[in-house]
Amino acid sequence: MSEPASLACREQFASPEQQRETSTIGMWVFLASEVMMFGGLFTAYTVYRVSHPEAFAIGSAGMDIWLGSINTAVLICSSLTMAFAEESAQAGNQKLLGFFLVATMLIGCLFLGIKFTEYVEHYHEHKAPGFWFNDTSPYARYVQMFFVFYFIMTGLHAIHMIIGICILAGLLYRTFLGTFTSIYHSPVFVGGLYWHFIDIIWIFLYAIFYLPGLHQ
Amino acid sequence: MTEPHVVKKTYVFAWLGLLGLTLANTLIAFLNLGVWSTVIAIGIATIMASIVAGFLMHALYETKVIKIIVAGGVIWFLIMVSLTLNDYVTRGWLPFPGK
């Protein structure tokens, strides 16, 4: 196993600071490309909502606000435990780092469990788009479109969550190997950036899917 | 550029702020404020996203290059939304078919 000092400054870098900044920039550039990917969906949603506001209000009224709100709080809590994991890595406390990584993964799994419960609810209420979809309002065609956006965007978000949990599992494995020290821990920070980014996406998904139908 | 060192207290305040704003956003959404409902919902979500990016993702503590990349992602997204809506919203403004 490589020494922490050599991991912290590989031969292509002039200093550990340069290596850290390079990996951080790499992750932020990737996240900017993710903004573009989710951005396309957010833009399409906005166009449809501006064109068919009544249908989207009806669609949103069918959301479970309690499960949505609890899930938002759950994800915010996972961001806090991830931030604590980063802080523990920085302090060189491997036990706490492992603990907070496991806590973040478990809270992430809780989020996915709640999301799955919601999907099952939507399915039984005939809100899943396709031949199974059933809506009696005059705007049924565009209410279905609301749910198309809902399932694609929250589904893509859930896929990101699953990838995020896999990344955390990788970080946890390397923590058990003793790779991360107070000198070298940038992978924890970079993984944390990805995790917090998923949180940001959900904050907007919550605002556009759950809130518009509340005052109907 | 050395690594940003954010103290636990800052993370806890950010977390409390995010939970408070989630509650505020949910409660305000029960009021019928017309078009302002959407503006407020997206506005609060934007503040929450800024807190996550600024403190939990350390964007506020990072170098100028990283701040420019963050700003670039946001600005390009806004260009995409505004130019697309510029087309869709203004359709039908002129009394000519197809304009």
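Okay, let's start with one helix: α2 of chain A has 36 residues, and from first C-alpha to last it reaches 52 Å, close to the 52 Å you'd expect at 1.5 Å a residue. Keep in mind that this is a predicted model. The helix does have a bend in it, of about 25 degrees, and that sits at A:Phe38.

Now, on to the two chains together. On the chain A side, 47 residues are in contact with chain B, and 48 residues of chain B are in contact with chain A. The area buried between them comes to about 4200 Å², and carbon and sulfur atoms give 76% of that. So who loses the most area on the chain A side? That would be A:Arg20, A:Trp28 and A:His215, which together make up 16% of what chain A buries against chain B.

A:Arg20 comes up again when we get to charges. The count between the chains is two salt bridges. In one of the pairings, A:Arg20 meets B:Glu62, with the closest N and O atoms 3.2 Å apart.

Which helices of chain A supply at least two residues each to the side that touches chain B? Those include α2 (16–51), α4 (65–91) and α7 (186–209).

How values were computed
Residues are numbered from 1 along each chain as its sequence is written. Chains are lettered from A and ligands numbered from 1 in the order in which they are written. This is a predicted model: local features need pLDDT of at least 70, side-chain atom pairs count only at pLDDT 80 or more; totals for chains, interfaces and linings use all residues. Side-chain values use heavy atoms; hydrogens and water are left out. Contact means heavy atoms within 4.5 Å. Buried area is the accessible area (1.4 Å probe) that two parts lose on being put together, summed over both. A salt bridge is a side-chain nitrogen of Lys or Arg within 4 Å of a carboxyl oxygen of Asp or Glu. Helices (H or I, at least four residues) and strands (E, at least two) are DSSP runs, numbered from the N terminus. The expected span of a helix is 1.5 Å times one less than its number of residues. The bend at a residue is the angle between axes fitted to the seven residues ending there and the seven starting there.
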